[in-house]
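Please look through the structure shown below. The report that follows takes it part by part.

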Amino acid sequence: MKRCSRCVLPETYPNTFFDEQGVCNHCLNHRDPAPVAQDSLLSHLEEAKKRSRGYDVLVPLSGGKDSTYVLYLATKVYGLSVLAYTFDNGFLSEMALANIEAALRRTGVDHLLFKPNWDTIRRLYRSTLLGSGELCSACGIGIEHSMLKVSADWDIPLILRGGSAMERGSYSPENIYDVNRFKAIVADAGEVSEDELNRFLIYPDITPERRFEWTWVLRRFGQLMNPLEFGDIQTEVEISKLLSEEMGWQDRGKHSDCWAEPFSNLVRELRHGYSRRACQLSNLIRAGEMTRETALALLAEQRQEEAASKNRVFDRLELSASDMDVIASAPPYQYNRYVAAPSGPVRKLAHRLVLKARYGLRHWQGYA
Ligand SMILES: [Zn+2]
């Protein structure tokens, strides 16, 4: 497989072209992001403090680097009253659980853990994996809906959710977190009853317009912000060092909060021709934080982990060996006709605002 000679992006990544030296257009067009003043973030934090009925902010905590860093900023830098919240997707690694415990000890915040019953979520994972070739939908939708529910029930005005620039361009191109699409896949699979699905979704009938209204007009849901997009940009190495010193955080040099990730990377590569990991590592190379040699070594290392991760996922979801062919051959985009596509100016505006609400107050267009 041909890869860019500067990053590690394969030629199969969409809209990728190479110059005579074999450098991809994503590298050639890359510009380092300029630091963004913290004023806007600080004014939102001040407003959250004023509106607070106890907790100023909700911090979803997975035990990964981004969410642990957000908890560090919220408590130790901004001095906010925080409720931390973890959605147990059934794949949290031991390292993630240890990191969560260490972070809670160091910050002394209250913590809520929500663990949907495994029987239901197992059938939801099976349904989307066999029906659409994607494992992550149920987890992403589960986190998002339960996070909104917690913010509504505890009356928390602001949700601080970390997302680093390293993730850019690495998300699935298939709208896998769209609720309409998810419902269509689950209905076709027939493994989960409507009552079970509705209980899992908490807000089964939420539309982009309603979400916008509940967030920005009625202020029932907390507003979402990504604090990592403000202030001086710290390197991944600096953040890792800080977190290990201040939060007791451990890192094995890779995304380690979900043990199913090597498997989901494998499936992405089989179905779309590139893994999420290759995109993330390429972003780090472009930011000058990693050499190409290290990235290639990490990709090879992940390859070693794919088989074990796959076996563990198959075991947990009660899949058989022949199911791998079904998963790998699921046609891309087959469910995209169900996506709540915006039509008309009002729906389009609402959809854009929901993306803004979902992905933070800046750079959100990059994720759309
Ligand atoms: Zn490149």
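At what angle do helix H3 and helix H4 pack, and how far apart are their axes?

## Helices H3 and H4

This is a predicted model. In it, H3 covers residues 65–77 and H4 covers residues 94–107. The two helices pack at an angle of about 5°, and their axes lie 11 Å apart. Angles under 35 degrees count as roughly parallel, so H3 runs roughly parallel to H4.

From H3, the contact uses Thr-68, Leu-71 and Thr-75. From H4, Asn-99, Ala-103 and Thr-107 take part. By class, the residues of this contact are two nonpolar and four polar, with no charged residue.

## Model confidence

The average pLDDT of the protein is 90. A score of at least 70 is reached by 93% of the residues. Residues 361–368 have a pLDDT below 50. Beyond near neighbours in sequence, that stretch still has 14 contacts in the model.

## The five-stranded sheet

Which order do the strands of the open sheet follow? The order is S3-S2-S1-S4-S5, and the pairing is parallel. The edges are strand S3 (110–114) and strand S5 (223–225), each of which pairs on one side only. On average, neighbouring strands are turned by 25° against each other, direction ignored.

In general, strands of a sheet pair through backbone hydrogen bonds, in either a parallel or an antiparallel sense.

## Strand S1 and its partners

Strand S1 (residues 57–60) pairs with strand S4 (residues 158–160) in the parallel sense, over two bridges. Here Val-57 stands opposite Leu-158 of S4. S1 also pairs with strand S2 (residues 82–87), again in the parallel sense, over four bridges. Leu-58 has Leu-83 as its bridge partner in S2.

Are the residues of S1 buried or exposed? Val-57 and Val-59 point one way, Leu-58 and Pro-60 point the other way, and all are buried. S2 is mostly covered, with six of its six residues buried. One side of S2 carries Val-82, Ala-84 and Thr-86.

## Helices H11 and H13

Helix H11 (residues 261–272) and helix H13 (residues 292–317) pack at an angle of about 105°. Their axes are 7 Å apart. Angles from 65 to 115 degrees count as roughly perpendicular, so H11 and H13 are roughly perpendicular to each other.

Which residues meet in this contact? H11 supplies Pro-262, Phe-263, Asn-265 and Leu-266. H13 supplies Gln-302, Glu-305, Glu-306, Ser-309, Lys-310 and Val-313. The contact of H11 with H13 divides into four nonpolar, three polar and three charged residues.

## Arg-181

Arg-181 lies in helix H7, which covers residues 179–189. Is Arg-181 buried or exposed? Within 10 Å it has 22 other C-beta atoms. A residue counts as buried at 20 or more, so Arg-181 is buried.

Leaving aside neighbours within four places in sequence, Arg-181 is in contact with Asn-175, Tyr-335, Tyr-338 and Val-339. Arg-181 and Ser-137 are 44 residues apart in sequence. In space, their C-alpha atoms are 9.6 Å apart.

Technical notes:
Residues numbered from 1 in each chain as written. Predicted model: local features only at pLDDT ≥ 70, side-chain atom pairs only at ≥ 80, totals over all residues. Axes fitted to C-alpha atoms, helices over the stretch in contact; angles between N-to-C directions. Parallel < 35°, antiparallel > 145°, perpendicular 65-115°, else oblique. Contact = placed C-beta atoms within 7 Å. Nonpolar A, V, L, I, M, F, W, Y, C, P; charged D, E, K, R; others polar. pLDDT = per-residue confidence, 0-100. Pairing = 2+ DSSP bridges. Buried ≥ 20, exposed ≤ 12 C-beta atoms within 10 Å, placed from the backbone.
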